[in-house]
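Have the viewer open while you read.

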Amino acid sequence: MTQMTIGHLYTSLHAGCASAVARVLEAYEVEVEYVDLDPDDVEDALEQGEVDLLVSAWFPRDEHLAGPGLRVLGDLYQPVVSFAALTPLGAVGTLTATDVDRIIVADDSRQALEEALKQLPALSVLSIESIGEGALIERLEKARDAGEKPLVVATQPHAVFHTDLLTVLEDPSRLLGGEMSARMILREDVARQTDSDLLDELSEMMLGNKVMSALDYVISVDGQDPESAAEAWQRGRLIGR
């Protein structure tokens with residue numbers, strides 16, 4: 001296999017992950033092209049062969065994407081929706097509306113929050129502010145400077161977790177759900193033409209949430225392009241690997 005098309009969601013997080021995977025492919029002299037995907041287009045892109053490799057799908061949430069003729073590879077990082085705050089507050093189940101004054105939730109975590117609030121009646125009276133993932137850091141900096149006390153709900157990895165803004169709160173009951181697994185989906189006909197050593201390396205590739213948060217930060221905040229960020233990771237200049 002001398003050429004491969006990587007499909008990924010259009011966010012900086014997924015672009016960074018795709019570029020990191022591309023570094024491995026390029027080491028095996030595979031030429032890489034990228035296709036940015038809207039979430040609603042992912043399934044069709046795989047079925048119609050528009051992409052060879054999807055980076056990445058979050059299992060078990062996205063297991064419906066792994067249909068016939070597709071191979072699932074790897075465990076790149078472990079997405080998890082988390083409660084956090086600007087200061088340490090202890091376990092989320094002990095909090096009341098006197099401990100926090102509002103809830104700020106990243107758009108992609110809103111559904112998980114709504115389910116969790118059914119088990120947190122003391123917090124259900126708080127106002128909820130949804131915000132795009134790309135605006136979360138700026139919003140939390142304003143909250144800190146204004147002396148606000150928000151309960152924050154966001155999915156790790158994320159650029160904000162590469163900063164010192166947030167403290168992740170204990171959630172022993174996993175009210176927001178457990179860890180997922182970010183995996184790659186490869187078309188089976190492409191897999192049959194791919195070097196077995198490359199397949200093994202993809203299967204064993206591990207980025208982890210810390211690296212992914214750093215990639216997201218340098219792309220979305222520092223303005224690096226995904227390829228440069230992935231090169232920094234590969235050369236050990238992003239963070240300690």
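Predicted model: local features only at pLDDT ≥ 70, side-chain atom pairs only at ≥ 80, totals over all residues.

**Salt bridges**

Searching the whole structure turns up 13 salt bridges.

| Pair | N to O distance |
|---|---|
| Arg102 and Asp101 | 3.1 Å |
| Arg102 and Glu148 | 3.8 Å |
| Arg144 and Asp145 | 3.2 Å |

Arg102 shows up in two of those rows, pairing with Asp101 and with Glu148. The link to Glu148 spans some sequence: Arg102 sits in strand S6 (residues 102–106), while Glu148 is in the loop between helix H4 (136–145) and strand S8 (150–156), so this pair ties together parts that are 46 residues apart in sequence. How accessible are these side chains? Arg102 is partly exposed at 24% relative accessible area, and Asp101 is also partly exposed, at 30%. Glu148, with 19% relative accessibility, counts as buried; the cut-off for that is under 20%.

These residues belong to a wider arrangement, too. A network of salt bridges links Asp101, Arg102, Glu129, Arg139 and Glu148.

The Arg144 and Asp145 pair has its own accessibility figures. Arg144 is partly exposed at 44% relative accessibility, and Asp145 is exposed at 61%.

Which arginine is buried yet has no salt bridge? That's Arg23, whose nearest side chain of opposite charge, Glu26, is 4.2 Å away. Arg23 lies in helix H1, and once neighbours within four places in sequence are set aside, Arg23 is in contact with Ala230, Glu231 and Gln234.

**The largest pocket**

The largest pocket holds about 1100 Å³ of space. It is lined by 43 residues, and those closest to its centre are Leu9, Trp58, Arg61, Asp108 and Glu133. Sorted by class, the lining has 20 nonpolar, 13 polar and ten charged residues.

Which elements supply at least two lining residues each? They are helix H1 (12–27), helix H2 (42–47), strand S3 (53–59), helix H3 (110–117), H4, S8 and helix H7 (208–220). S3 gives the most, with four residues.

Most residues other than glycine have a negative phi, and most peptide bonds are trans. A few spots here are worth a look against that background.

Two peptide bonds are cis in the places below. One runs from Val55 to Ser56, with omega near -5°, and Ser56 is found in strand S3, the element that gives the most residues to the lining of the largest pocket. Another joins Gln156 and Pro157, where omega is about 0°; Pro157 lies in the loop between S8 and strand S9 (167–168).

Then there's phi. Glu29 isn't a glycine, but its phi is positive, at about 60°. Glu29 is in the loop between H1 and strand S2 (31–37) and is exposed, with a relative accessible area of 71%. Arg174 also has a positive phi, near 50°. Arg174 is placed in the loop between S9 and strand S10 (181–187), and its relative accessible area of 57% makes it exposed.

Methods:
Residues numbered from 1 in each chain as written. Heavy atoms only, no water. Salt bridge = Lys/Arg side-chain N within 4 Å of Asp/Glu carboxyl O. Buried < 20%, exposed > 50% of the residue type's maximum accessible area, 1.4 Å probe, protein only. 1 Å grid on protein atoms, 1.4 Å probe; cavity = no way out; pocket = protein on both sides within 12 Å on 5 of 7 lines; lining within 4 Å. Points joined across faces, edges and corners; volume = space filled by probe spheres on them. Nonpolar A, V, L, I, M, F, W, Y, C, P; charged D, E, K, R; others polar. Lys, Arg positive; Asp, Glu negative; His and termini not counted. Contact = heavy atoms within 4.5 Å.
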